[in-house]
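This report describes one protein model for a reader who has not seen it before. The sequence and the structure come first, and the description follows.

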Amino acid sequence: MTQEKKQEFTRRLSCCNRGEMIVIMYDILFSYLDDAIEAKGQGTYEEFRDAVGKAGQVVHRLMEDLDFAYPIASELYPAYQFVSKLLSLAVCKNTAENLHDAKRVLKNLYDGFAEAAKQDSSAPLMQHAQQVVAGMTYQKGSLTETLQGSESSRGFFA
């Protein structure tokens, strides 16, 4: 995953609510799967294995965060287990075919979570986070980001 992609996810996480958090986790998962597929295409097994491992960590995090007080959790858990097995098979067989299957399964879940996140109007999870404002400046083709309220205290004192 590129540094720019990590910064994008960090910015999104700093201002998301509960519903958007799941969507961002899926986006991170898809990014790792894409990295693994690209590494497989280039023939670099170590990068392939590392990207699949990181994708597996995201899947395990999604499994750990399920709240079984809700009936949907008992349906999501087996789906996540299946995706985890597909990721393991991809590394064992050294093939990207299982990754494509995992992406298909996850895409259906992602669409449902994205629709639910649109309806979630809860407050952002992180309080006192800096707001990022992005806009075009006088430089052609350049996007400049500005932090709002960067001089204010964010709750940390040394």
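F113 is partly exposed, with a relative accessible area of 24%. In this predicted model, that value lies between the 20% below which a residue counts as buried and the 50% above which one counts as exposed. Y26, by contrast, has a relative accessible area of 0% and is buried.

A pair of aromatic rings is described by the distance of the centres and the angle of the planes. Six aromatic pairs are counted in the protein. For Y26 and F113, the ring centres are 5.5 Å apart and the planes stand at 35°, so this pair is tilted. The angle falls between 30 degrees, under which planes count as stacked, and 60 degrees, over which they count as edge-to-face.

K107 has a relative accessible area of 40%, so K107 counts as partly exposed. H100, at 37%, is likewise partly exposed.

| Residues | Separation in sequence | C-alpha to C-alpha distance |
|---|---|---|
| H100 and D34 | 66 residues | 9.3 Å |

What is the position of N94 relative to α4 and α5? N94 is found in the loop between α4 and α5 (97-119). N94 has a positive phi of about 55°, although it is not a glycine. Its relative accessibility is 31%, so N94 counts as partly exposed.

Helix α4 also takes part in a helix contact. Two packed helices are described by the angle between their axes and the distance between the axes. The axes of helix α3 (residues 45-64) and helix α4 (residues 71-93) cross at roughly 170° and come within 10 Å. Angles over 145 degrees count as roughly antiparallel, and α3 and α4 are therefore roughly antiparallel to each other. On the α3 side, the contact is made by Y45, F48, R49, V52, A55, G56, V59, H60, L62 and M63. On the α4 side, the residues are Y77, Y80, Q81, V83, S84, L87, A90 and V91. Sorted by class, the contact of α3 with α4 has 13 nonpolar, four polar and one charged residues.

The remaining values concern the whole protein. How many helices and strands are there in the protein? There are five helices and two strands, and along the sequence they follow the pattern α-α-α-α-α-β-β. The protein has 158 residues, of which 28% are buried; Y26 is buried. The protein exposes about 10500 Å², and carbon and sulfur atoms supply 53% of this area. Among contacts in the protein with a separation of 6 or more, 57% are accounted for by residues 24 or more positions apart.

Methods:
Residues numbered from 1 in each chain as written. Predicted model: local features only at pLDDT ≥ 70, side-chain atom pairs only at ≥ 80, totals over all residues. Heavy atoms only, no water. Axes fitted to C-alpha atoms, helices over the stretch in contact; angles between N-to-C directions. Helix = DSSP H or I, 4+ residues; strand = E, 2+ residues; numbered from the N terminus. Parallel < 35°, antiparallel > 145°, perpendicular 65-115°, else oblique. Contact = heavy atoms within 4.5 Å. Nonpolar A, V, L, I, M, F, W, Y, C, P; charged D, E, K, R; others polar. Buried < 20%, exposed > 50% of the residue type's maximum accessible area, 1.4 Å probe, protein only. Areas by Shrake-Rupley, 256 points an atom, 1.4 Å probe, with all protein chains shown as cover. Phe/Tyr/Trp six-rings, centres within 6.5 Å; stacked < 30°, edge-to-face > 60°.
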